[in-house]
Amino acid sequence: MLFRSVAELFRFHPDVAEDRGPSSFAGVCAIARALTSLEARLEIDATAHSLPSYRVEQGNKPWQAAREGYRIAEDERRRLALGEGPIRFVDELLMTSGVRSAKATLPAGILSISIGEPDHGLLVVVEKNLGLEHRRFRYAHGLAHFLFDTEAPWRVCRSSGAPEFPEVRADAFASALLIPQYGLRRYIETLGKETLGRAGPTVLSLFSEGDGRDKTGESRRVDGRQRRGRHPITLSDVLRTAHYYGTSPSVAAHRLRNLRLLTDRELERLETVLQSNTYAPVNHKLLPPAEVHEMDSLCSRLATLAATALHRGSINAPRFNELAEFSGVS
């Protein structure tokens, strides 16, 4: 849902404006404004390397929106020189791209809020009670809105309701940014599972150009129906993949399905297990530790720049102590 101003957002969600605790949405916005002011005092242009602007079709079909999200995620991975491996700190990656991220207590039904205003900067605020892997996904989802959707300074993403085209595009972007297709194929192969025959025909046709002195050549049939590693991808494979890339098992499973490494029937069986009560305690034990995949980049940047400003004499000690306490540093 789009909002044209802060006042409009607060009128629609008065509970957002009322709660001003340190972990509240209003508290995070206050930290973002303090960081913007401090960057201006230090003459740091945090958005010197502005985000690229991607042209997307307006009012297109969901299929086209998903394709745009997947394609542009690959472009962003190349632009940021991320290769095909996992992204260790999604929130810190956003910070280096000029997008701030934070977690806060949001009203029921709201997963994240994306803000793009001069005094706040580009900011993605995610519901703090979401699991780590879900927060990482929402951070990448919020980045997508800044790359595609510039028609309003605020966007509220909900957990229910019919998905709009921008939400479909952002979801596709987030899954492809976190789990790149070629890296995923290679990782699945390290688990002893063959990928070529899963994504294509079981029989390949190869053509040889011959000796190069004429246009003749020969075709060769390669039968892969008895290939090694053709066994089904299991729940264990999906869990290892999700842990490696720092996503939820469901995101990993659907990414495998879209790359034709899982069939619809296999995906349905996996989803049934993932949603069962017997899986919950296993999932709890397998969750990646937060310190490996997440930093509080908004507060850590504020504390770091406050120390820099104190060293330069741009602020006095009382103001430094105030900013340090504001960012959660004793």
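Reply: The protein chain has a mean pLDDT of 83, and 81% of its residues reach 70 or more; pLDDT is the predictor's confidence in each residue, from 0 to 100. This is a predicted model, in which local features need pLDDT of at least 70 and side-chain atom pairs count only at pLDDT 80 or more, while totals for chains, interfaces and linings use all residues. Residues are numbered from 1 along each chain as its sequence is written, and side-chain values use heavy atoms, with hydrogens and water left out.

Me: Where is confidence lowest, and where is it highest?
Reply: Confidence is lowest in strand 1 (residues 2–3), with a mean of 53, and highest in helix 7, with 94. Helices (H or I, at least four residues) and strands (E, at least two) are DSSP runs, numbered from the N terminus.

Me: How many aromatic pairs are there?
Reply: The count is four aromatic pairs. Rings of Phe, Tyr and Trp (its six-membered ring) pair if their centres lie within 6.5 Å; planes under 30 degrees apart count as stacked, over 60 as edge-to-face and the rest as tilted.

Me: What is the geometry of F148 and F173?
Reply: Their ring centres are 5.8 Å apart and their planes stand at 90 degrees, so the pair is edge-to-face. F148 belongs to helix 6 (residues 132–148) and F173 to helix 7 (residues 165–178), so the pair ties together parts that are 25 residues apart in sequence.

Me: Is F148 buried or exposed? And F173?
Reply: F148 counts as buried at 6% relative accessibility, and F173 counts as buried at 0%. Buried means under 20% relative accessible area, exposed over 50%, and partly exposed in between (1.4 Å probe, protein chains only).

Me: And how are Y187 and Y244 arranged?
Reply: Y187 and Y244 form a stacked pair, 4.3 Å centre to centre with 5 degrees between the planes. Y187 lies in helix 8 (residues 181–190) and Y244 in helix 10 (residues 235–245), so this pair ties together parts that are 57 residues apart in sequence. Y187 is buried at 13% relative accessibility, whereas Y244 is partly exposed at 35%. Ring pairs link Y187, Y244 and Y245 into a cluster.

Me: Back to F148: what lies over its face?
Reply: R169 does, at 5.8 Å from the ring centre. A charge sits over a ring if NZ of Lys or CZ of Arg is within 6 Å of the ring centre and within 35 degrees of the ring normal.

Me: New topic. What is the volume of the largest pocket?
Reply: Its volume is about 770 Å³. On a 1 Å grid over the protein atoms alone, a pocket is an open set of points where a 1.4 Å probe fits, with protein on both sides within 12 Å along at least five of seven lines; lining residues have an atom within 4 Å of a point. Grid points are joined across faces, edges and corners, and a volume is the space filled by probe spheres set on the points.

Me: Which residues are closest to its centre?
Reply: Of the 27 lining residues, L111, F137, R138, H141 and D171 are the closest to the centre of the largest pocket. Helix 6, strand 5 (154–158), helix 7 and helix 11 (249–258) each give two or more residues to the lining.

Me: One last point: where is E43 found, and what is its phi?
Reply: E43 is in the loop between helix 3 (25–41) and helix 4 (62–79). E43 has a positive phi of about 60 degrees although it is not a glycine, and E43 is exposed, with a relative accessible area of 74%.
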